[in-house]
Amino acid sequence: MSHQPAPSPEPTHRTVASPAGRIHLVEQGTGPLVLLLHGFPESWYSWRHQLPVLAAAGYRAVAIDVRGYGRSSRPSDVAAYRMLELVEDNVAVVHALGERSAVVVGHDWGATIAANSALVRPDVFRAVGLLSVPYAPRGGPRPSDVFAGMGGDEEFYVARFQEPGRAEAEIEPDVRGWLAGFYAAFSADTMPAPDAPDPHFAGSGGTLRDRFPDRRPGWLGEDGLDFYAGEFERTGMSGALNRYRNMDRDWEDLADFDGAPVTQPSLFLGGSLDASTTWLADAVAAYPTTLPGLVSSHILDGCGHWIQQERPEEVNRILTDWLASLAA
């Protein structure tokens with residue numbers, strides 16, 4: 001008679017106190033804590049394929065709504081979204097869950113938040129997994145100067161996001177349509193051809209959305225788009241966009257960590273068609289210096305930016321193998 005593993009309890013929603021006020025989280029399973037951080041413009045829901053698999057593998061998987069998103073607090077002050085405050089939110093979540101340490105895994109902005117959490121609070125974050133956005137130590141010129149100089153006559157999306165209210169005015173009249181186009185623009189099966197106008201940039205006098213595809217990526221069903229759109233229709237976009245508006249503050253706040261490596265055991269996972277990975281190829285090449293604890297590094301061929309949703313089975317296998325190696 002074969003014994004099937006007991007099914008993991010259903011995901012549980014709760015809020016915990018944090019420096020932001022509250023952080024909403026979804027947890028599933030018991031065991032060592034794995035904290036999952038989403039990116040822009042996403043949600044705890046971006047980890048829906050990982051929560052049950054990590055729980056079944058013997059982990060306490062916890063996906064949060066990052067400050068500014070979903071049911072978490074959304075401070076009105078733009079400066080409240082600086083990196084060091086987001087790190088403290090993560091520490092507060094670990095402690096509120098009755099734990100002393102956690103593995104932290106992030107995607108997109110979540111990867112940068114995860115890396116900085118490990119860098120600033122190595123006493124709490126014992127290992128770090130980075131999806132799509134490589135670790136690049138603080139350094140170089142002021143970020144806003146870099147972004148302003150990109151694109152020539154075109155405007156880079158990060159520069160476009162800097163002025164409060166400007167991107168909101170483009171997105172909020174049709175949140176669902178804008179999100180669908182943004183997700184499609186950076187998904188492997190719907191992204192524009194390499195010789196098409198780049199959706200990371202807006203043409204002179206145009207909008208980002210002008211370059212978004214009108215096709216739906218295969219990973220994004222009606223239910224998923226309804227969920228994401230419903231969250232941002234309720235909250236607005238400012239909390240999410242304010243992360244971009246703190247890059248100069250982060251550059252100043254993290255001056256003491258200039259060039260610093262993240263030394264904990266680490267994982268990197270990117271998509272071969274994702275500009276977030278390919279544009280930062282030099283950062284990946286520098287990993288022997290900047291990420292000396294790297295245990296596992298993978299580029300998924302033919303994968304776009306939304307890696308854990310585009311290729312959940314592969315990501316789940318790589319994640320669980322890496323997590324198992326930490327305990328070996």
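Tutor: One term before we start: contact here means heavy atoms within 4.5 Å. Keep in mind, too, that this is a predicted model.

Let's take H8, the helix that runs over residues 222-235. Its 14 residues reach 20 Å from the first C-alpha to the last, close to the 20 Å expected at 1.5 Å a residue. Now for the side that faces in. Buried, meaning under 20% relative accessible area, applies in H8 to Gly-224, Leu-225, Tyr-228, Ala-229, Glu-231, Phe-232 and Thr-235. These residues lie on the same side of H8 because they cover an arc of only 155° around the axis. Notice that Glu-231 is on that buried list, whereas Glu-233 is exposed. Together with Asp-223, which is also exposed, Glu-233 sits on the face of H8 turned away from the buried side.

So what sits against the inward side? Follow the chain just past the end of H8 and you get to Gly-236, which takes a positive phi of about 75°.

Asp-89 has a relative accessible area of 2%, so it counts as buried. Its side chain makes a polar contact of 3.3 Å with that of Ser-18. Leaving out residues up to four places away in sequence, Asp-89 touches Ser-18, Pro-19, Ala-20, Ile-23 and Arg-67.

Key: Residues are numbered from 1 along each chain as its sequence is written. This is a predicted model: local features need pLDDT of at least 70, side-chain atom pairs count only at pLDDT 80 or more; totals for chains, interfaces and linings use all residues. Side-chain values use heavy atoms; hydrogens and water are left out. Helices (H or I, at least four residues) and strands (E, at least two) are DSSP runs, numbered from the N terminus. The expected span of a helix is 1.5 Å times one less than its number of residues. Buried means under 20% relative accessible area, exposed over 50%, partly exposed in between (1.4 Å probe, protein chains only). The arc is that of the directions from the helix axis to the C-beta atoms. A polar contact is a pair of N or O atoms within 3.5 Å; within protein, one must be able to donate a hydrogen and the other to accept it, and residues adjacent in sequence count only if both atoms are side-chain atoms.
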